[in-house]
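Colleague: Could you take a close look at one part of this model for me? I'd enjoy one connected account of the surface and the contacts that go with it.

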Amino acid sequence: MIQITEKLVQLLRSNPRIDASILTSYCRIISMYGDKEDAAALFRIFTEQPSDYRHALLLAPVMRCGDLALAEEIDRFCFEQGRLKEGIPSEVLHVLGYMGYEKYIDYMVDCICTNDWYLSKDACLGLLHLPCESHREKLENELEKVYGQPLFPEFLPALSFKFANAQIIPRLLAWGEQASTDCNAGLILGISMFGHTQKEQIKYILLEPFWEMYSIGTGSHWWGYMSMQMVELTFSELISALKDQTPVVQEHAECIPDKRTLEHRFHVLHDLLELKLIDDPNPVRFAPLNQESVIELYKELFQWSNEHKDDSVTGRINTYFGYDHPLMEKYMQLRIRMEMGIKQELELQAWASSGKINM
């Protein structure tokens with residue numbers, strides 16, 4: 001067991017009402033560096049108060065560090081007569097799916113269309129990792145029943161790759177233009193599940209205003225960032241695209257998007273970069289990781305290419321919207337956060353080169 005897990009166990013014993021943000025930070029590091037021993041220790045803590053939302057946070061490192069032996073232990077504690085016991089959080093379905101535990105596939109499929117958003121979401125996330133051949137027809141039928149509706153089981157479209165090929169992508173895109181922005185996370189995730197061939201489609205979704213892929217309370221931007229990883233779309237590519245759309249000398253542009261569209265795109269880029277700094281792990285086990293250097297992204301955002309003209313992202317915001325525009329303040333705050341991220345990145349590099357940790 002790594003030392004930080006021991007420290008977290010001690011903290012939970014001495015202060016069971018530990019702040020959720022602190023607890024989440026511990027869990028994120030344990031997810032990165034822990035193993036099955038850490039997962040087992042945290043699951044034991046979880047079992048003491050499984051209905052406490054703080055204890056539910058422990059399921060993230062349990063999921064990422066556990067093995068099938070622990071999955072069987074989770075099964076024994078959390079299920080009764082083939083379904084989750086009362087008081088057990090639905091995240092357990094995601095956990096077992098992520099761990100490759102196949103016993104409850106039928107139950108998860110039945111949970112998709114229940115009138116419980118959390119249960120449906122976690123069932124879908126679990127099923128992403130499990131074989132669904134025997135349920136292909138049912139999954140397709142359930143999607144066809146709600147296709148085109150503004151509200152639907154939000155993560156059902158994420159399972160499209162289980163029963164369809166990439167020819168379904170145009171239908172999912174068209175659906176996104178009709179769907180409520182409170183209900184489109186599963187659509188972008190579903191498109192991304194077809195892999196890097198959908199990079200341009202994910203870029204389009206992120207940059208188009210009607211998808212609302214920025215932080216306004218829907219959570220869609222978080223799923224947008226996770227979908228970026230699935231298709232291996234980089235921030236460098238997004239930054240380059242936005243710079244191409246906002247030339248320093250406006251007369252050189254063939255076609256500049258309208259102001260509202262540009263504002264939206266700068267907001268999206270900002271909010272996605274904030275998620276990069278938070279570094280939440282992807283809920284999909286087989287997702288590629290975004291390994292772009294914060295240092296390099298900082299250069300692309302804030303460095304001038306020459307000493308004569310400010311062609312940084314903030315310089316372009318000033319050119320197109322003025323220095324007093326709210327976007328300028330957002331990006332200046334982002335700059336400060338990225339400077340802190342640079343310090344952390346350099347510290348990790350130093351630790352790695354000394355052989356104290358494995359990067």
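Modeller: Happy to. Helix α2 (residues 20–33) gives the nonpolar patch its largest share, 3 residues; helices here are DSSP runs of H or I with at least four residues, numbered from the N terminus. The model is predicted, so local features need pLDDT of at least 70 and side-chain atom pairs count only at pLDDT 80 or more, while totals for chains, interfaces and linings use all residues. Residues are numbered from 1 along each chain as its sequence is written, and side-chain values use heavy atoms, with hydrogens and water left out.

The patch itself is made up of Ile-29, Met-32, Tyr-33 and Leu-348, which together have about 330 Å² of accessible area. Such areas come from the Shrake-Rupley method with a 1.4 Å probe, and for residues only the protein chains shown count as cover. To join a patch, a residue needs over 30% relative accessible area and no salt bridge; nonpolar side chains (Val, Leu, Ile, Met, Phe, Trp, Tyr) are joined within 5 Å, like charges within 9 Å. Leu-348 belongs to helix α19. With a relative accessible area of 36%, Leu-348 is partly exposed, where buried means under 20%, exposed over 50% and partly exposed in between (1.4 Å probe, protein chains only).

That leads us along α19. Its 28 residues (326–353) should span 40 Å at 1.5 Å a residue, and the end C-alpha atoms are 41 Å apart, which agrees; the expected span is 1.5 Å times one less than the number of residues. Buried residues of α19 include Leu-327, Tyr-331, Leu-334, Ile-342 and Glu-345. The helix's buried residues pack against α16 (259–278), α17 (294–302) and α18 (313–321), with contact meaning heavy atoms within 4.5 Å.

The side chains of Asp-271 and Lys-330 also meet in a salt bridge, at 3.5 Å from N to O. Because Asp-271 lies in helix α16 and Lys-330 in helix α19, this pair ties together parts that are 59 residues apart in sequence. Asp-271 is buried at 5% relative accessibility, whereas Lys-330 is partly exposed at 26%. The rule is a side-chain nitrogen of Lys or Arg within 4 Å of a carboxyl oxygen of Asp or Glu, and by it the count comes to 16 salt bridges.

Asp-280 sits in the loop between α16 and α17 and Arg-28 in helix α2, so the pair connects parts that are 252 residues apart in sequence. Arg-28 is buried, with a relative accessible area of 17%.

Lastly, a look at α17, one of the partners of the buried residues of α19. Tyr-298 and Phe-302 form a tilted aromatic pair, with 5.1 Å centre to centre and 55 degrees between the planes. Rings of Phe, Tyr and Trp (its six-membered ring) pair if their centres lie within 6.5 Å; planes under 30 degrees apart count as stacked, over 60 as edge-to-face and the rest as tilted. Both residues lie in helix α17, 4 residues apart, about one turn of the helix, and both are buried.

Definitions and conventions:
Helix = DSSP H or I, 4+ residues; strand = E, 2+ residues; numbered from the N terminus.
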